[in-house]
Amino acid sequence: MLQEKIQQYSEEIERFVPQSYNDVEAFRLKFLVAKGVVRTLFEEFKSVSPDQKRSLGKVLNEFKQAAEQKYQHLHEQFASNKQTSKKKAEADLTLPGEGFVFGSRHPLSLVRKEIVEIFKKLGFIVAEGPEIEDDWHNFTALNFPPEHPARDMQDTFFIKKQQGNDIALRTHTSSVQVRMMENGEPPFRAIMPGRVYRNEAISARAHCFFHQVEGLYVDKDVSFADLKQTLYYFVQELFGEDTKVRFRPSYFPFTEPSAEMDISCTICKGKGCAMCKGTGWVEILGCGMVDPNVLENCGIDSAIYSGFAFGMGIERITNLKYEIRDLRLFSENDVRFLSQFETELI
Ligand code: DAH
């Protein structure tokens with residue numbers, strides 16, 4: 001009889017899996033208190049016949065140890081949980097909550113937004129295009145024929161070689177001009193911000209990806225005077241009214257004539273410093289009148305329509321605004337750098 005009971009309780013103890021500390025406590029109350037199972041069995045043991053006492057005594061002692069050890073183990077396991085829940089219950093609910101920290105906008109996003117806002121005031125809409133681009137939109141339609149040396153300045157990462165229309169990461173946002181003109185009817189007045197890629201070794205001054213804002217204005221009777229006034233307005237809005245501009249003749253396959261635009265150095269106000277290499281001027285963008293070949297490539301009659309275009313690097317403008325000398329900082333995600341822009345208005 002006693003042996004069978006010990007056997008049953010042993011199995012029960014082995015199977016016992018508590019869900020909470022309350023179950024552990026129930027275990028203790030059932031087995032280990034004064035009127036619990038263990039003591040009761042010891043009481044019964046007293047009336048067992050002497051010849052059974054030896055073997056049963058051993059079994060009973062082992063049972064007692066198993067019950068105590070199981071309890072000890074479960075108690076330790078659940079006691080720490082119990083303490084934390086007790087702490088929670090005792091927490092002062094009238095204390096203020098734990099504050100949480102908002103992130104801040106990336107400096108490049110701040111500057112992109114500022115650029116977009118200025119052009120919006122002039123009636124420019126924002127357009128976007130794919131970063132994975134085909135040869136036609138990135139080069140050929142923009143008057144870079146295959147094998148033309150101007151392509152050498154914009155080596156990039158090729159994804160797929162396919163007969164005459166390779167797929168690659170776009171090297172500039174000028175590809176979005178083409179997409180816009182192919183898919184719509186003039187007039188066009190848009191800016192196109194986005195990420196671009198070049199096969200460059202990463203250093204303080206060059207990176208394999210960066211950001212540009214492209215501009216396009218196509219309508220009847222658009223002239224170089226419109227281009228100059230638009231960009232002059234933009235510079236004054238972005239850098240302040242005392243900023244001067246100058247245009248230098250340049251070459252881009254997709255504009256004719258082409259120019260590069262400098263502004264008077266925003267750091268030294270034209271006196272000469274490290275930023276402007278002592279010249280008092282810094283280049284901020286390329287621009288020109290859209291080449292008639294490009295208009296025709298996109299299905300627009302160049303006898304009726306003319307237009308201007310420009311493209312600038314957002315990193316470059318950000319450098320001038322915040323004097324960030326190392327391009328790598330923009331993509332390293334170092335919070336010590338990024339959190340410095342927390343107070344900027346967004
Ligand atoms: N796509 C040129 C580049 O990445 C920048 C540029 C120059 C864009 C002149 C234009 C432009 O639209 O008219 O170097």
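The shell around the ligand, meaning residues with a heavy atom within 4 Å of the ligand, divides into five nonpolar, nine polar and two charged residues, where Gly counts among the polar ones. This is a predicted model, in which local features need pLDDT of at least 70 and side-chain atom pairs count only at pLDDT 80 or more, while totals for chains, interfaces and linings use all residues. Residues are numbered from 1 along each chain as its sequence is written, and side-chain values use heavy atoms, with hydrogens and water left out.

**Ligand surroundings**
- Of the 16 residues around the ligand, His172, Ser174, Arg198, Gln212 and Glu214 come nearest.
- Among the polar contacts (pairs of N or O atoms within 3.5 Å), a side-chain N or O atom of Glu214 lies 2.6 Å from an oxygen atom of the ligand, and a polar side-chain atom of Ser174 lies 3.0 Å from a ligand nitrogen atom.

**Largest pocket**
- The ligand sits in the largest pocket, in the sense that more than half of its atoms lie within 2 Å of the pocket's grid points.
- A pocket is an open set of points on a 1 Å grid over the protein atoms alone, where a 1.4 Å probe fits, with protein on both sides within 12 Å along at least five of seven lines, and its lining residues have an atom within 4 Å of a point.
- Of its 44 lining residues, Arg198, Phe210, Glu283, Gly313 and Arg316 are the closest to the centre.
- By class, this lining has 23 nonpolar, eleven polar and ten charged residues.

Terms used: A polar contact is a pair of N or O atoms within 3.5 Å; within protein, one must be able to donate a hydrogen and the other to accept it, and residues adjacent in sequence count only if both atoms are side-chain atoms.
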